[in-house]
Amino acid sequence: MNKPMRRVAVFCGVLILALLVRVNYVQFVQADELQSHEDNRRVRIERYANPRGDIIVDGQPITGSEETNDDDFTYKRTWVDGEMWAPVTGYSSQAFGTTQLEYVNDSILTGDDDRMFFNNTIDMITGKDQRGGDVITTLNGDAQLAAFEGLGDRKGAVVALDPRRGAILALASTPSYDPSSFAGYADSDAEAWTALEGHEDKPMLNRALRETYPPGSTFKVLTAAAALEHGEIDNVDDPTEYEDPYILPDTQDVPLTNQVPGVCEEATVRDAMRYSCNSVFAGLSNDVGNEGMIETAEAFGFNEEHFVPVRADASVYPEDNRPQNAMAGIGQASNRATPLQMAMVAAAIANNGSLMEPYMVDQLVTPNLNVIEQHDPSELNEAVSADTARQVQETMETVVEENSGIDRSQISDDIRIGGKTGTAQRGENNSEPPYAWFISYAITDEGSPVAVAVVIEDGGVDRNEISGSGLAAPIAMDVMAAVLADEQN
Amino acid sequence: MSSSSNNTTVSTGGLPSRRNTELLMLVFAVVIPVFAYANVGLAKEESLPAGMLGYGLGLGLLAGIAHLVVRRWAPYADPLMLPIATLLNGLGLVLIWRLDQEPKITTPSLGGALAPGQLMWSTTGIALFIGVLVFLKDHRLLQRYTYISMVVALLLLVSPIFVGQEVNGARIWVQIPGVGSLQPGEFAKIIIAVFFAGYLMVKRDALALASRRVMGIYLPRGRDLGPILVIWAISLMILIFETDLGTSLLFFGIFVVMLYVATERTSWIIFGLLLSASGAVFVASVNSHVGERVNNWLNPLDRVNDGVTETAQAMFSFGSGGLFGSGLGQGYSRLIGGIAAKSDYILATVGEELGLAGLMAIIMLYALLIERGMRTALAARDPFGKLLAIGLAGVFAIQVFVVAGGVTGLIPLTGMTMPFLAQGGSSVIANWALIALLLRISDTARRPAPAPAPSLDAEQTQVVRP
């Protein structure tokens, strides 16, 4: 019986060998795939095992971490003034993942970034838990507060930039949400999440970066710049030859009327800007032509996504037929822009034609404050010539000076303020309440420290009272005043 | 292990008993789990666990008594089996105690902390081990109970159908009031080996020789084929009514192995494999529980009802362990959830916390134990002992393969416990008895032949020199 027994023994040996091969395969070959599998809860346990790094504004964290009683997830993300900062930070939820800055800089915040390897090794040797790094933003807390409180209960967004650097100073979007309400994974978090997801006002939409609106009359700033750049006009004080009403080209005599009667006929660009003459700017857009308009719009950043480092939707100035192109010149038709984009337009004009790349993360630092990454401001484009920029500045400053509806009393008279209102029509035959826009900038002796774009979707007031100057301009003035006050200190 | 000049355990006479070797290794077998215990305590609470001294002393005492009994009643027994079994049992206790520290899988509904119970069952197991060695002077006595064991084994196997309860889709438990639940299959596997050994020793010539040669293989006669078909039918029945894939595989596999060894005919193996394959395919396609397991095996990471399966959780445990593991007490095998983490899936904890290195070491311990069993079979001098030893070692080998293979995803998962390591009273008691039987056979095999009686004739023809 020994011969078959030896064979059985060999067979058992083969079984053991098969087991050994299998465990080697699973624990060595497949290990990485299994470790990082999305269903592997360990990934999330690890993620919340240590407090996350913070997002910093004005040297103060606007985020935090709190220890929980949970067995698995030791720490939970918290936010200071979550509703106000949500468009900046995004959320970091144990159940629903991360977005925006929390997502873009996740590896820094968790401390898993390769560039933090050295720190982590030191921590490991000295017996400390892994710590997350911090994200230092360019935002200005006072400006953000002014923007957020200015928007109040209304739907809208505000973006403020430092035109000299491209730094984002304020980024507000309302209605907003408190990311703390679903930071965990309990039933209450799921309820809060579902409620926000299903809400008709889309509170989790970042209107400042991810929503495009018809820019309305604020786009006339760009049209004026395009006309100057393409030599359609030489001076903003020369009269133009456009009639009132303006007949859209290639149409069966479709007239384009003006808001203010009797001032737009052959008006100068300065006056056209002041009275927001549709006829003049539609005519200029038509004369510059679709190609030329696209060229200038793209010089200001249209038709591409911007990463600040959170992705901002592309604003669109499309290829169009002549009547559409004429309409696009006054910010209607298929022309759409994000609030960020319109802030960039104002910023480029204020910065004498130089468009700086917008950004909101200044530094990434390790827990012991070693700088891992430092943003160097860089020029995105020479949007228009300095001469063009200066002429457009003049027209915008006329708008602020001559419009009795715009109150600039809280800003010192030494400071030049330029702006442009907009009331973008929408809906079939202008059936829905229009969007109220205002873009503006301030210029001091040391250049322009701030440019702002404000959009309000629905003012909650009678539609005849909706206007850029009445609803949006006060918010922009508050934001600029906040930035200027900080600038002087 | 025998002397360096002799690499078999076949005794040629003055073979050393190796009891001191066993004692030395037992010391390691006790010290290693004690260290593991300390390791868990330090990892979980950052202090030495309070029960460490008691635990160490308890395990040491059990091992010591077992050793003394072996020394007295089976002095020539194999020196490796007791230390390996002790080490596996000790590590199993530590692992269960470690999992007891996880509140989520130690709720009252899951039976609370299971390590104390397991320690009690281990003690009972070692008591049974001692009882077998003390009262079973010669394994050949078991031959007398061939047919009784058959009846007992069959009763044990079918009992869950009538008095059992279904747990986790398998009907393999029997509730005994006041004692707890029992897994009769664990005991049946030993008794069935006794029955096969006795039956085949008597019938092996008939089975081996009376056969016709058809197409190059020896086809057994119908009446010899009969018992195989009966066994096949019974194992299928177990599978269908108890949905216990593991036990039927074990039951059938061991019958084929013992038949093959007894008859030395390959044709029996071919028959066995054909029958088991067709049975398995039939059941897998009819029975949803088995079909589900096959599906889990083929797609281990798939979600079921939008949830992560136990199979996937076990795979994640293995994957997260990597080469060296997270360290005892620092893994997350509790995510497997339920009682399974402490029983069927205990290898996942080994894989996660001791890593590939630790898991391979554990598998090698089993391999070594199986190898010692096989050697005992080769060394045994009587056919009943040979068959019984190969049967017991085979049962052990198949069980280890089926469980470890199932948990690591090599084969579909079946509901059986990892011998000694996993939580389960029946399992640990039965396996201690199994080791005792193997030790008894190896003691007989290695015992020096009695010195030949002095021959009077030789004395008389001696040339007396002046």
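The structure is a predicted model, in which local features need pLDDT of at least 70, side-chain atom pairs count only at pLDDT 80 or more, and totals for chains, interfaces and linings use all residues. Residues are numbered from 1 along each chain as its sequence is written, chains are lettered from A and ligands numbered from 1 in the order in which they are written, and side-chain values use heavy atoms, without hydrogens and water.

Here are the two chains, with helices (H or I, at least four residues) and strands (E, at least two) taken as DSSP runs numbered from the N terminus. Buried means under 20% relative accessible area, exposed over 50%, and partly exposed in between (1.4 Å probe, protein chains only).

The C-alpha atoms of chain A fill a box of roughly 115 × 55 × 40 Å along the principal axes.

Chain A exposes about 20,100 Å², 44% of it from carbon and sulfur atoms. For chain B the area is about 19,300 Å², with 67% supplied by carbon and sulfur atoms.

Which residues make the nonpolar surface patch of about 560 Å²? A:Tyr25, A:Phe28, A:Val29, B:Leu323 and B:Phe324 do. Patches take residues with over 30% relative accessible area and no salt bridge, joining like charges within 9 Å and nonpolar side chains (Val, Leu, Ile, Met, Phe, Trp, Tyr) within 5 Å; a salt bridge is a side-chain nitrogen of Lys or Arg within 4 Å of a carboxyl oxygen of Asp or Glu. B:Phe324 sits in the loop between helix H11 (310-321) and helix H12 (346-379) of chain B, and B:Phe324 counts as exposed because its relative accessibility is 67%.

Definitions and conventions:
Accessible areas come from the Shrake-Rupley method with a 1.4 Å probe; for residues, only the protein chains shown count as cover.
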